[in-house]
Amino acid sequence: MKTHFKTHTLHALFFILLFTVPLCLSSCYGDGIDPNPEVETLISDFPANGAVSVDREGFIYVSEYGRFVDTGGSGTRIFKLAPSGRIVDTIQGLTGPMGTAKDTKGNLYVNNANNTVNGQVLRIAPNGERIVIATIEGWPSSMTIDHKDNLYISNYTAPTVHKITPDGEVIVLATDPRLAGGVGIDLDSRGNIIVANFVTADIYSITPDGEISIIANIPDIVIQNFGIGYITVINDVIYATGIAVNYIFRVTLDGTVETIAGNGEATQIDGPLLEASFSNPNGIAFNKYLKTIYISEYTGVGGVRKIKL
């Protein structure tokens with residue numbers, strides 16, 4: 001009887017292992033990373049075409065910059081999306097909004113009312129109260145925020161990067177002619193500020209003390225001064241949108257550049273990374289919990305695309 005029981009027990013364990021190990025390998029291998037990621041459309045026929053950011057709860061903020069008219073963007077809204085793509089809120093009454101960031105207290109910050117001479121950094125509290133916390137000369141374009149709620153602001157027409165502390169102190173962190181044209185901005189794991197130049201397609205690293213060094217240039221992507229749209233940094237790797245050439249690039253901190261998505265055609269087609277197409281990809285942000293990149297599109301039918309890594 002004992003031998004019979006042991007035999008059945010061993011057989012049962014064998015079949016459990018036989019079926020559960022492949023299941024674990026398919027769902028758990030690589031910490032859930034999809035071995036064959038694809039480009040998918042999260043939401044289509046969508047008017048927001050600017051910066052993208054993701055808050056700590058996974059909500060996606062997409063700015064409706066619109067088109068450049070006279071001295072600024074024609075858009076007036078920021079859309080808040082659930083990870084499913086459902087619109088859960090629309091923040092209205094803005095003027096050509098660009099970069100956004102959300103702090104640990106639930107305040108949303110936006111670069112607003114840019115007029116090529118100066119722009120406002122607007123704070124929108126959870127109760128809807130709006131306060132301009134800084135007016136920055138030039139064209140403050142995008143922003144990122146660190147774990148201490150310090151904001152970092154890039155500038156399109158002035159050669160600066162600003163830092164705004166949680167208590168409202170506005171600091172010029174770096175000044176250099178190479179920074180004019182800066183739009184995409186994010187942080188690496190060491191607290192260095194990574195800035196991408198929209199016009200030249202250069203990517204720079206700025207230390208917390210303001211020292212600047214070039215990481216890379218993405219070659220042959222600038223068309224009529226449209227180069228890199230925005231960037232996001234994931235595990236010290238930079239992901240950048242080629243707004244005019246319809247590609248997504250991966251750039252390591254040692255300067256290696258690789259095209260990871262897009263076939264170069266200006267249209268909205270899903271599929272495997274290098275077979276899919278984008279319609280002027282612009283904003284880009286990352287949800288580290290869902291391991292998903294979100295990308296806005298500047299022209300065409302408009303949309304938010306996603307890549308689940």
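Q: What makes two strands count as paired?

A: Two strands pair if DSSP finds at least two bridges between them. In this predicted model, strand β14 (residues 160-164) and β15 are joined by five bridges and run antiparallel.

Q: In what order do the strands of the open sheet with β14 and β15 stand?

A: The order is β12-β13-β14-β15, four strands with antiparallel pairing. β12 (140-145) and β15 (170-175) are at the edges; each has a single partner strand, so one side of each lacks a neighbour in the sheet. From one strand to the next, the twist averages 25 degrees.

Q: Is Thr292 buried or exposed?

A: Buried means under 20% relative accessible area. Thr292 has 4%, so Thr292 is buried. Thr292 belongs to strand β26 (residues 292-297).

Q: Which residues does Thr292 touch, leaving out those up to four places away in sequence?

A: Thr292 touches Ala285, Phe286, Asn287, Lys306, Ile307 and Lys308. Separately, a polar atom of the Thr292 side chain lies 2.9 Å from the backbone oxygen of Leu290.

Q: Where does Asn235 lie, and what is its phi?

A: Asn235 is in the loop between β20 (228-234) and β21 (237-242). Its phi is near 50 degrees, a positive value in a residue other than glycine. The relative accessible area of Asn235 is 76%, so Asn235 is exposed.

Q: What is the phi of Ala113?

A: Phi of Ala113 is near 55 degrees, also positive in a residue other than glycine. Ala113 sits in the loop between β9 (108-112) and β10 (118-124).

Terms used:
Residues numbered from 1 in each chain as written. Predicted model: local features only at pLDDT ≥ 70, side-chain atom pairs only at ≥ 80, totals over all residues. Heavy atoms only, no water. Helix = DSSP H or I, 4+ residues; strand = E, 2+ residues; numbered from the N terminus. Buried < 20%, exposed > 50% of the residue type's maximum accessible area, 1.4 Å probe, protein only. Polar contact = N/O pair within 3.5 Å; in protein donor to acceptor, adjacent residues only side chain to side chain. Contact = heavy atoms within 4.5 Å. Axes fitted to C-alpha atoms, helices over the stretch in contact; angles between N-to-C directions.
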